[in-house]
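Here are some notes to read with the model open beside you. Take the points one by one and find each residue as you go.

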Amino acid sequence: MFRRTSDAIRPAGISIHFEGRPIVAQAGDSLAAALLIEDVGAFRSTPVSGAPRAPYCMMGVCFECLVEVDGVPNQQACMVQVRDGMQVRRQRGPAGMDGNG
């Protein structure tokens with residue numbers, strides 16, 4: 001569904017893992033963009049109903065793209081740049097504000 005708009009020369013790929021699945025992203029990509037290109041589906045589920053959610057605004061306003069990055073919950077995927085080796089997981093339900101899920 002999502003794809004890059006140009007086949008121009010890109011920087012070397014960066015390796016990240018989403019739910020254990022290896023993904024190659026490009027330097028400078030937001031985490032949300034990298035995951036959308038890979039069609040991973042929902043990024044999180046809502047605390048009350050468990051409904052699936054994915055990025056909506058892509059500018060840090062809506063909080064629909066919350067994920068856990070390297071063990072830290074409540075990270076807005078649209079505001080985080082990919083970095084080599086990052087471990088990303090779906091955020092399921094509520095996560096504590098102190099980072100302890």
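This is a predicted model: local features need pLDDT of at least 70, side-chain atom pairs count only at pLDDT 80 or more; totals for chains, interfaces and linings use all residues.

1. Residues are numbered from 1 along each chain as its sequence is written, and side-chain values use heavy atoms, with hydrogens and water left out.

2. Let's begin with charge. Side chains of opposite charge can pair when their charged atoms come close. Here a salt bridge means a side-chain nitrogen of Lys or Arg within 4 Å of a carboxyl oxygen of Asp or Glu. How many salt bridges does this rule give? The count is seven.

3. Look at Glu19 and Arg92, which form a salt bridge with their closest N and O atoms 3.3 Å apart. This pair links distant parts of the chain, 73 residues apart: Glu19 is in the loop between strand 1 (13-18) and strand 2 (21-26), while Arg92 is in strand 7 (residues 87-92). Strands, by the way, are DSSP runs (E, at least two residues), numbered from the N terminus. Glu19 also belongs to a network of salt bridges with Arg90 and Arg92.

4. Glu19 has 30%, so it is partly exposed. Arg92 reaches 53%, so it counts as exposed.

5. Next, find Glu68 and Arg89, whose side chains meet in a salt bridge at 4.0 Å, N to O. Glu68 is in strand 5 (residues 66-69) and Arg89 in strand 7, so the pair ties together parts 21 residues apart in sequence. Glu68 is partly exposed at 24%, and Arg89 is partly exposed at 46%.

6. Arg83 and Asp70 make another salt bridge, at 2.7 Å from N to O. Arg83 sits in the loop between strand 6 (72-76) and strand 7, and Asp70 in the loop between strand 5 and strand 6, so this pair ties together parts 13 residues apart. Arg83 is partly exposed at 41%, as Asp70 is at 38%.

7. Asp70 turns up again in the hairpin of strand 5 and strand 6, which has two residues between the strands; there Asp70 takes a positive phi near 50 degrees. The two strands run antiparallel and are joined by three bridges (strands pair if DSSP finds at least two bridges between them). Leu66, for one, has Gln76 in strand 6 as its bridge partner.

8. Is Thr46 buried or exposed? At 11% relative accessibility, Thr46 counts as buried. You'll find Thr46 in the loop between strand 3 (44-45) and strand 4 (52-53). Not counting residues up to four places away in sequence, Thr46 touches Ala51, Arg53 and Gly93; contact means heavy atoms within 4.5 Å.

9. Finally, Asp84 is in the loop between strand 6 and strand 7 and counts as exposed at 60%. Leaving aside neighbours within four places in sequence, Asp84 is in contact with Ile14 and Ser15. The C-alpha atoms of Asp84 and Ala27 are 8.9 Å apart, though 57 residues separate them along the chain.

Notes:
Helices (H or I, at least four residues) and strands (E, at least two) are DSSP runs, numbered from the N terminus. Buried means under 20% relative accessible area, exposed over 50%, partly exposed in between (1.4 Å probe, protein chains only).
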